[in-house]
Structures are given as structure tokens and as C-alpha cells.
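Notebook, opened to record what I look up in this structure. I go through the strands, the salt bridges and the surface patches in turn.

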Amino acid sequence: FAEDEAKAPATVKVERAPFGKPLKLEGKLVPAKAHEIKLEPKRYSGDFVLAAVAEGDATKEGDLLLRFETEDYETQKRRAAMDLELARLKLDDKEAGHARKLRSWKLSDAELREKLRRAQDDLRYFVEVRRPQRIEEAEYGLEGRRDRIADLKEELGQLEKMYKEDDLTEETEEIVLHRARRGLKRTLRSLEFAIAKNKRWLNETLGREHRDLEVKLETAKLAFEGNEAGARTKKREAEISLEKAKMDLAKKEESFSELEADAEVFEVRAPTGGRLLAGSWKQNGAAARKARERLEVGEKLPKGAVLFTVFPDESMRVETAVAEKDLLRVRKG
């Protein structure tokens, strides 16, 4: 037994460690908090030409990183200001013109409405008063001529009777009777003319006057209705045109406001302190070198480009990818 104890193996101290074949993975160092600075103007459409570039790979919050030339921007802003002023003047002119048109349409409507009312009144008066009155006047005139003829006949008969009884000379008798007979003849002929004239007046002239008044009324109706329909269309067109001018002005005001806000884009400052990297941190080495090379005074930068990435040194972490077959071998710690 003692002999067996002398042959016992040596004791080995075991340290706690992962058991099995280690899993080796490739990874990359990435920032946990990265602030990408992009060139994102809202309205400016010109070139971005670098005027100044910060040096070094570290920055503090608020430090100037880039400054662009502003000559093209100021020119575009002045043009936009003039376009905005013209839009305002155009709207003012349209509003004033719209007000004038409304007054004009109102006056035109009132004028045509009055013409229609007068045409209706003229036709009504002609049918109810004037025509019957004129017919009665014509009849009265003919009746007066007939009465005159009857008086002349009666006077002639009295003269003929009187001259037979009186001792007037034959010459005087002939003169008086000749005049009486001549007056009666003319009056009879005048009556014939008056009857013919009155017949034509009743059958044609009075009817024409009636038809003329009816046409005048219909014309007034058409003018009034046409003006009313046209005015509705023109008013709506004017309202739409005015509304469009207001929308155009609002759009130009919004555009000019955005263009004014773009003034901040021409000076790029660090949003926070930390490490400064040209371009996006997601770029590979070649792309990163290219991003740095284009940050030179006089160079033009495209809109939408990532200018810099700023991240604190302490925010770095490692990213890697694990195959699905190895997932069960990964444990915390």
C-alpha cells in the first residue's frame, strides 16, 4: 500500500476557461453614435463650391467644418425675391381687376334688367292701353270727318234752298255754291284717303308695331339671360384665376422662405464634439480617401452628399457576423 502511494501522479491545478475549439470571427470597429453631416439644401439649386475646409480629425461642438461660396446663392435669392414681388403685384392687380369686373357685371345686370322691365312694360301698355286707344282715336277721327261731311251737305242744301228764295245775283250765287260744293268734294275725298290710311294702319302698321315690341321684349330677355349666364361663368373663371394667383403667391412665399433658410447650409458646423471623418463612416478605405480628397477649396460638391461623420471616441464598438451553424456556440462573456 505504501508502495502504491509512492507511485501516485502529480496533481495539476486547472483554471476555468472555455472548453472546446475556439470560434474565430472577423469584425470591424464602428461608432455606436455617429452623426452624419449631409449637404441637403431645401430650395437652392446652384453649385456648392468650397471656400474653406477645416483641418484635422477632431472637432468640438460648433466648430466650423466647411464654408461654401455664396455668390450664386445670393443671385438666386435676389431673383426669387423679384419673382415673389411680381407674384404679389400680380395678385394685387387680379384682386383689383376682379373687384372692377364684379362692379361692371352688377351694372350690366342692372342695365339689362331695366331694359327687360321696360320692354315688358312697353308691350303690356301697347296691348292694354295704347292699341285700343289708338284704334278708338282713329275711329273717332273718321267719325269726325263723317260728321264734317254731313255738316257740309246740310250747309250746301241750306244754301241752295236759300239762294232760290233770295234776290242775290246769279254771279254771287254761283260763287258761294261752287265753294260749298268744292269743299264737300274735297272733304269726301279726304275721307276716302283717311279710310284707306286707317285700314292700312290697322292691318299692317299697328300689327308691325306690336310685333316690334314683342321682338324687342324677346331680345331684351335673351340679352339679360345671356349676360346672366355669361357672368356666372366669367365670375367663376375670375374666382379660379384669383385663387390660382393666391396659390402661386403662397408657393413662391414658401419657396423663398426655404431659400432663405438655405443660408445655413453654406456654413457647416459640428453638431457635437468627437472624431471627424470625411464622408460616411460606412465607406470603405478607398471611398473614404476619395471623400477626403474632394474636400478641397474650389471643389464642387453634389447635393445629398455626406460631408463628414462625427462620433465620440468612447462610442466605438465592434460589429461581426456569426454563421447560423455557430450560433449555439456563442455565450455571453
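I take helices (H or I, at least four residues) and strands (E, at least two) as DSSP runs, numbered from the N terminus. The model is predicted, so I note that local features need pLDDT of at least 70, that side-chain atom pairs count only at pLDDT 80 or more, and that totals for chains, interfaces and linings use all residues. Residues are numbered from 1 along each chain as its sequence is written, and side-chain values use heavy atoms, with hydrogens and water left out.

**Entry: negative patch**

I looked up E155 and found it in helix α2. E155 is partly exposed because its relative accessible area is 43%.

I then looked for surface patches, which are made of residues with over 30% relative accessible area and no salt bridge, like charges being joined within 9 Å and nonpolar side chains (Val, Leu, Ile, Met, Phe, Trp, Tyr) within 5 Å. The areas come from the Shrake-Rupley method with a 1.4 Å probe, and for residues only the protein chains shown count as cover. Lys and Arg count as positive and Asp and Glu as negative, while His and the chain ends are not counted. A charge is placed at NZ of Lys, CZ of Arg, CG of Asp or CD of Glu. A salt bridge, in turn, is a side-chain nitrogen of Lys or Arg within 4 Å of a carboxyl oxygen of Asp or Glu.

E155 belongs to a surface patch of negative charge, together with E139, E143, D147, D151 and E154.

**Entry: positive patch**

Which residues gather in the patch of positive charge? I list K90, K244, K251 and K252. Helix α3, residues 170-261, gives the most to this patch, with three residues. K251 is placed in helix α3. K251 counts as exposed because its relative accessibility is 61%.

**Entry: nonpolar patch**

L23, L25, V322, L327 and V330 make a nonpolar surface patch of about 370 Å². I located V322 in the segment after β10 (316-320). With a relative accessible area of 32%, V322 is partly exposed.

**Entry: strands**

I count two strands as paired if DSSP finds at least two bridges between them. I found an open sheet of four strands, paired antiparallel in the order β2-β9-β7-β4. The edges are β2 (35-38) and β4 (58-59); each has a single partner strand, so one side of each is left without a neighbour in the sheet. β2 runs antiparallel to β9 (residues 306-311), and four bridges join the two. Within this pair, I37 stands opposite F308 in β9.

I looked next at β3. Strand β3 (residues 48-53) pairs with β8 (residues 300-301) over two bridges, in the antiparallel sense. F48 has L301 in β8 as its bridge partner. β3 is also joined to β5 (residues 64-68) by three bridges, again antiparallel. Here V53 stands opposite L66 in β5.

**Entry: salt bridges**

How many salt bridges are there by this rule? I get 18. One of them joins the side chains of D47 and K300, at 3.3 Å from N to O. This pair links distant parts of the chain, with D47 in the loop between β2 and β3 and K300 in strand β8, 253 residues apart. D47 is partly exposed at 36% relative accessibility, whereas K300 is exposed, with a relative accessible area of 54%.

I also checked D63 and K60, which form a salt bridge with the closest N and O atoms 3.8 Å apart. D63 is partly exposed, at a relative accessible area of 25%, and K60 is exposed at 57%.

In R118 and E114, the closest N and O atoms of the salt bridge are 2.9 Å apart. Both residues lie in helix α2 (residues 71-165), four residues apart, about one turn of the helix. Salt bridges that share partners join E114, R117 and R118 into one network. E114 counts as partly exposed because its relative accessibility is 27%.

**Entry: G56**

Where does G56 lie? I place G56 in the loop between β3 and β4. G56 counts as partly exposed, at 47% relative accessibility. From G56 to V12 I note 44 residues in sequence and 55 Å in space, C-alpha to C-alpha.

Technical notes
Buried means under 20% relative accessible area, exposed over 50%, partly exposed in between (1.4 Å probe, protein chains only).
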